Amino acid sequence: GACIGMRGTRIQAVQSELNGERIDVVVWSDDPAQYIASALEPADVSGIVLDEDARSADIIFATNDQLARAIGSQGQNVRLASELTGYKLDMMLEDEYRARQQNEAQQYLDMFVERLDIEEDLAMALVEMGFTSLEEIAYVPAETFDEIELDADLVELLQSRAKEAALTDALKQQENIQEPSAELLEMEGMTQELAYALAARGVITVDDLADQATDDISDIEGLGDEKAGQLIMKARESWFN
């Protein structure tokens with residue numbers, strides 16, 4: 001209210017100084033989901049699923065009208081909201097989100113059945129517990145599986161197979177490290193040594209780097225939190241152009 005003024009007088013005064021430029025007022029919040037929802041108003045958001053490490057969010061809408069309102073003309077609204085909040089925003093309808101969740105769950109189920117050599121019922125139980133990788137199954141405390149009432153011998157066998165499969169994947173990854181892209185090598189602030197260190201972690205392109213969180217790469221020798229953050233933000237500049 002104090003910012004807008006009585007009947008919008010303060011906003012109108014600023015608009016007048018800016019030759020009629022439109023001004024949107026967004027209520028700041030230290031809750032990222034609330035801040036994103038405010039940045040997308042007047043669109044009505046049905047749900048927000050955050051990945052704070054990756055600085056990305058799935059924004060879910062009930063109707064096409066609300067989705068279109070949030071995206072705006074030529075994507076202007078969502079670009080501004082992304083720039084304002086610092087999150088990469090993926091907009092979708094509820095049906096699309098449910099379909100994606102089901103597809104991901106099926107992929108995890110198939111992976112567990114194949115790589116752990118277990119029955120589908122057990123694989124589904126692992127998916128429903130929230131497991132999404134072999135590493136998670138391999139290294140969680142054994143008592144985690146009490147939720148699905150597995151006996152100790154089966155837990156030991158399951159975790160042993162998961163560790164073996166994860167180790168196999170890690171060795172294959174080391175053997176097939178890709179070259180960093182030319183765009184990544186030429187990015188401002190990038191060195192050849194750092195680009196190859198990133199490539200060893202699967203960060204091959206500038207877009208790959210943009211999807212990282214600071215904590216994902218700051219432990220690389222000679223990088224640190226500040227420089228990692230600067231490189232990530234540099235890589236994300238393309239999101240707003």
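# Getting to know this predicted model

Colleague: Which helix holds Ser 82?

Modeller: This is a predicted model: local features need pLDDT of at least 70, side-chain atom pairs count only at pLDDT 80 or more, and totals for chains, interfaces and linings use all residues. Helices (H or I, at least four residues) and strands (E, at least two) are DSSP runs, numbered from the N terminus. Ser 82 falls in the run of residues 76-85, which is helix α4.

Colleague: Is Ser 82 buried or exposed?

Modeller: Buried means under 20% relative accessible area, exposed over 50%, and partly exposed in between (1.4 Å probe, protein chains only). Ser 82 also has contacts (heavy atoms within 4.5 Å). Beyond its neighbours within four places in sequence, they include Trp 239 and Phe 240. With a relative accessible area of 7%, Ser 82 is buried.

Colleague: How many helices and strands does the chain have?

Modeller: The chain has 241 residues, and 36% of them count as buried. Among contacts between residues at least 6 apart in sequence, 41% join residues at least 24 apart. The secondary structure comes to 13 helices and three strands.

Colleague: In what sense do strands β1 and β2 pair?

Modeller: Strands pair if DSSP finds at least two bridges between them. Here residues 47-51 and 56-61 share five bridges. Gly 47 is bridged to Ile 60, and Ile 48 to Ile 59. The sense is antiparallel.

Colleague: Which residue in the turn of this hairpin has a positive phi?

Modeller: Four residues lie between β1 and β2. One of these turn residues has a phi of about 55°: Arg 55.

Colleague: How many bridges join β2 to β3?

Modeller: These two strands run parallel. Five of the six residues of β2 are buried, so the strand is largely enclosed by the rest of the structure. The bridges between β2 and β3 number six.

Colleague: Why is helix α2 described as largely enclosed?

Modeller: The buried residues of α2 include Pro 32, Tyr 35 and Ile 36. Their cover includes β1, β2, α4 and β3 (88-93). Helix α2 (residues 32-39) is called largely enclosed because its buried residues number six of eight.

Colleague: How many residues are in the largest nonpolar core?

Modeller: A nonpolar core is a set of buried Ala, Val, Leu, Ile, Met, Phe, Trp, Tyr and Cys residues joined through side-chain atoms within 4.5 Å. Among those with the most contacts inside this one are Phe 112, Leu 126 and Phe 145. Helices α5 (94-116), α6, α7 (134-139) and α8 (152-175) each supply at least two of its residues. The core's residue count is 20.

Colleague: How many residues does the second, separate core have?

Modeller: Its members include Leu 209, Ala 210, Ala 235 and Trp 239. The count for this core is 18.

Colleague: What distance separates the C-alpha atoms of Leu 122 and Phe 112?

Modeller: Leu 122 sits in helix α6 and is buried, at a relative accessible area of 15%. Apart from neighbours within four places, Leu 122 is in contact with Ile 148, Leu 150 and Leu 154. Leu 122 and Phe 112 are 10 residues apart along the chain, and their C-alpha atoms are separated by 8.9 Å.

Colleague: What kind of aromatic pair do Phe 131 and Phe 145 form?

Modeller: Rings of Phe, Tyr and Trp (its six-membered ring) pair if their centres lie within 6.5 Å; planes under 30 degrees apart count as stacked, over 60 as edge-to-face and the rest as tilted. The structure holds two such pairs. Phe 131 and Phe 145 lie 5.6 Å centre to centre with 15° between the planes, so by these cut-offs the pair is stacked.

Colleague: Are Phe 131 and Phe 145 buried or exposed?

Modeller: Phe 131 is in the loop between α6 and α7, and Phe 145 in the loop between α7 and α8. Both are buried.

Terms used:
Residues numbered from 1 in each chain as written. Heavy atoms only, no water.
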